[in-house]
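Me: I have a structure open and want to learn how to read its features. Can you take me through them, one at a time?

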Amino acid sequence: MGAVGIGGLAIGGSVLAACGDDEEDASGAKESIKAAWVYIGPPDDNGWTQEHDRGRLAAQAALGDRLETSFVPNIEFDAGTTETFQQLVDDGNDIIFANTEYAGLLTEVSDNAPDTKFCEINGHYYSDNLFPFYLAHETTAYQLGVAAGHLTENGRIGYIGAFPTATAFNDVNGLLLGARSVNPDATVETVLVSTFFDPQKAAQAANALLDAGVGFLFGVMDEPTFLQLSEEAGVWTGYWNLDFRSAAPTKYVSHFDLSEFGPFYTEQCQRVLDGTWVSQDEVWLLDTPIGDFGPNVPQDVQDAVLDVGAQLDSGELHVYEGPLNDNEGNQRLAAGETLDSLQAYAIDWPVEGVSGISPV
Amino acid sequence: MILAIIENAFLSLIGSAIPASAVVMLAATGAMLGERVGVLNLGQEGLIGIGAVYSVIAVLSWGVESPWLAMLIGMMAAAVAGLIFAVCVVAFRASQVLVGLALALGGIGLSNQLGVNRNGTPIQTLFREVNPGGVLDNNDALSAFFFHDPVVYIAYVGLPVVLYFVLFRTRHGMNMKAVGENPAAADAVGVSVTGWRIFYSVLGAALTGAGGAYMVLSFTPTWSPDIARGRGWVALAVVIFAGWRPGWAVAGALLYGSMISLDTTAQARGWGLPFMGASDLSFFLSMLPYVVTLVAILIPAGAVKLGRRVRSTAAPAALAIPYSREER
């Protein structure tokens, strides 16, 4: 269905910027540049893509006339995606950001466009003009897990995932280990729906988990349907992307704060302007603090979560600290071993206590 | 013990399958109405989108506070699209397949465009489940079938019963079938083939639109692009599986719905297959509804192949064939 998605190109920013486009001095610095964003969903999804678009607008506001931005929404995984990237290169964009991992659909273009810079979220490909960026969210999941451990009596956490990738593993592992730090019997029950954006599937997964009796429901969905269903069922819930307490006014716990996209996009565009942009050889991880708490989260729970957050920040506490087994009983970390965020970015196993998802 | 587990599994599946495939049921009934009078409307996918997006607009932009009224608005929008389709294929005798495909793609595109700025916004105007209370409370076996919202009962019980009665027990139904089987004969006895075909195409489109409206007014209370996501095509398959009989459409829709529910229910309840890891299982299960749909439409086809052609499982003889009085 991707082919019939909205292919409109929205142009933001100043028209004046187009004038000084390719003037480049000896140092490689430019008077003005064009940047484009390729979005998996619509920029008004009240979720993932909306946060990226806020980041785009923040970069636009910071760099003013020197930056001309545009975006293409609803780009799914098909041959048309490659065409979209090629079109953006041909349109003279200096840097292109992708808000999902398009992998080969993107690199086919980036490898043949050495003068254009690319940043791909959650990507796994590195070249002279492309590097991945992502969020260090296992710590945020851990904090949410601590909250869930305090708030639920049965310690049962439901998780709606998309695919069995590091994103899902870091979510479920963080939730479980955080919850177990409070309640040693805590579990995480996972349903994978093979999509980030399909409210019908998300609703069915949410209903299945709520019917099964979970006490806290979280997910990596790009839209807030499951929050509404949690609220109706009287079950605590949280959100990945932004503050969405309006969907669950009384049962809202917190969210992952993604407001680092704006500073990241601004910095990358600034580097292109200055002629100092260089590719990276490891993923660029953004801080992902936990967001504001919902109105009914008790103060002592909030304090406990923030305290854990401070310990994680200072390095006093680690999300992944051995001994740890995966959920098939194999030891993955020996006593005393830890994983940092860069290592967690490559994780491919769920910890013991997580069900519904298996090691890759 | 084993029996209790199976019963429990079956009930939890059916309990979530019923609302999940109400949209398929409504669209299948809509498609069947048109096909009974010889009009094949492949545009179900687009009609679901149009019905859904206009219900969303009614609630979010026009301040409609009744889910019934919002659904009616969605139905009327789909009916307008159905009227355009019907005029093209019945009055102008354009190819039903091509115009239907255009309606499918155009309807998806139109509804996505109209849905811009409404994505993900929660809808508060919802159908509420009927609570019969009394003995039905706390009864697992019965609660799977009750405690749904009223549209579910209209889709699974009301419409099939009415349609069965009209089709098989009234003169009007005989005429309908005549228009679909042998329009020249119907024409000869004074039935307006053009009029009937247009009327039932529009009514069918409105019912499919009701399916789309139901999605956003109950099942998933929010708009999202490409909302039908294949349910319109499944509805067309259900009509074939059902052999154009309303009662069998209920079975077909529930079969599909159970497979959809199995995807999430099996994962949430930890039902697994011994040779498949939990992650692989999720991919396998999301494929299952479409495999089962494919197998289901092969059953009537297979019966025909084996020479067991039952009259009532065959497609209306004049399906998708434009009627022209001059050419009869």
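Me: What covers the buried residues of α7(A)?

Reply: Some ground rules come before the case. This is a predicted model: local features need pLDDT of at least 70, side-chain atom pairs count only at pLDDT 80 or more, and totals for chains, interfaces and linings use all residues. Residues are numbered from 1 along each chain as its sequence is written, while chains are lettered from A and ligands numbered from 1 in the order in which they are written. A residue is buried if 20 or more other C-beta atoms lie within 10 Å of its own, exposed if 12 or fewer, and partly exposed in between, with C-beta atoms placed from the backbone. Helices (H or I, at least four residues) and strands (E, at least two) are DSSP runs, numbered from the N terminus. Now the case. The cover of the buried residues of α7(A) includes β7, α6, β9 and β10 of chain A.

Me: How many residues of α7(A) are buried?

Reply: 7 of its 9 residues are buried, so α7(A) is mostly covered. They are T225(A), F226(A), L227(A), Q228(A), L229(A), S230(A) and E231(A). Just after this helix, G234(A) takes a positive phi of about 70°.

Me: At what angle do α6(A) and α7(A) pack?

Reply: Axes are lines fitted to C-alpha atoms, for helices over the stretch in contact, and angles run from 0 to 180 degrees between N-to-C directions. Here α6 (residues 199–212) and α7 (residues 225–233) of chain A make an angle of about 30°, and their axes are 8 Å apart. α6(A) is therefore roughly parallel to α7(A). The classes are: under 35 degrees roughly parallel, over 145 roughly antiparallel, 65 to 115 roughly perpendicular, the rest oblique.

Me: Which residues of α6(A) meet α7(A)?

Reply: Contact requires C-beta atoms, placed from the backbone, within 7 Å. From α6(A) come P199(A), A202(A), A203(A), A206(A), N207(A) and L210(A). They meet T225(A), F226(A), L229(A), S230(A) and A233(A) in α7(A). By class, this contact has 8 nonpolar, 3 polar and no charged residues. Ala, Val, Leu, Ile, Met, Phe, Trp, Tyr, Cys and Pro count as nonpolar, Asp, Glu, Lys and Arg as charged, and the others, Gly among them, as polar.

Me: In what order do the strands of the open sheet in chain A run?

Reply: Two strands pair if DSSP finds at least two bridges between them. The 6 strands are ordered β11-β10-β9-β7-β8-β17, with parallel pairing. β11 (252–255) and β17 (354–355) of chain A stand at the edges with a single partner strand each, so one side of each has no neighbour in the sheet. β7(A) and β8(A) pair over 6 bridges, with R156(A) opposite T187(A). α5(A) packs on the sheet, touching β7, β8, β9 and β17 of chain A, and its direction makes about 170° with that of β7(A). α6(A) also packs on the sheet, touching β7, β8 and β9, at about 150° to β8(A).

Me: Are the faces of β9(A) covered or open?

Reply: Both faces are covered. F216(A) and F218(A) are buried on one side, L217(A) and G219(A) on the other. β9(A) pairs with β7(A) over 4 bridges, and F218(A) is the bridge partner of Y159(A). 2 bridges join β9(A) to β10(A), where L217(A) stands opposite T237(A).

Me: Which backbone angles deserve a look?

Reply: Most residues other than glycine have a negative phi, and most peptide bonds are trans. D226(B) has a positive phi of about 50° although it is not a glycine. R229(B), likewise not a glycine, has a positive phi of about 45°. D226(B) lies in the loop between α10 and α11 of chain B, and R229(B) is placed in the loop between α10 and α11 of chain B. D226(B) is buried, with 21 other C-beta atoms within 10 Å. In chain A, the peptide bond from G322(A) to P323(A) is cis, with omega near 0°.

Me: How many residues of chain B are in contact with chain A?

Reply: 37 residues of chain B are in contact with 36 residues of chain A. α12(B) gives the largest share of the chain B side, 7 residues. By class, that side has 13 nonpolar, 21 polar and 3 charged residues.

Definitions and conventions:
Two residues are in contact if their C-beta atoms, placed from the backbone, lie within 7 Å.
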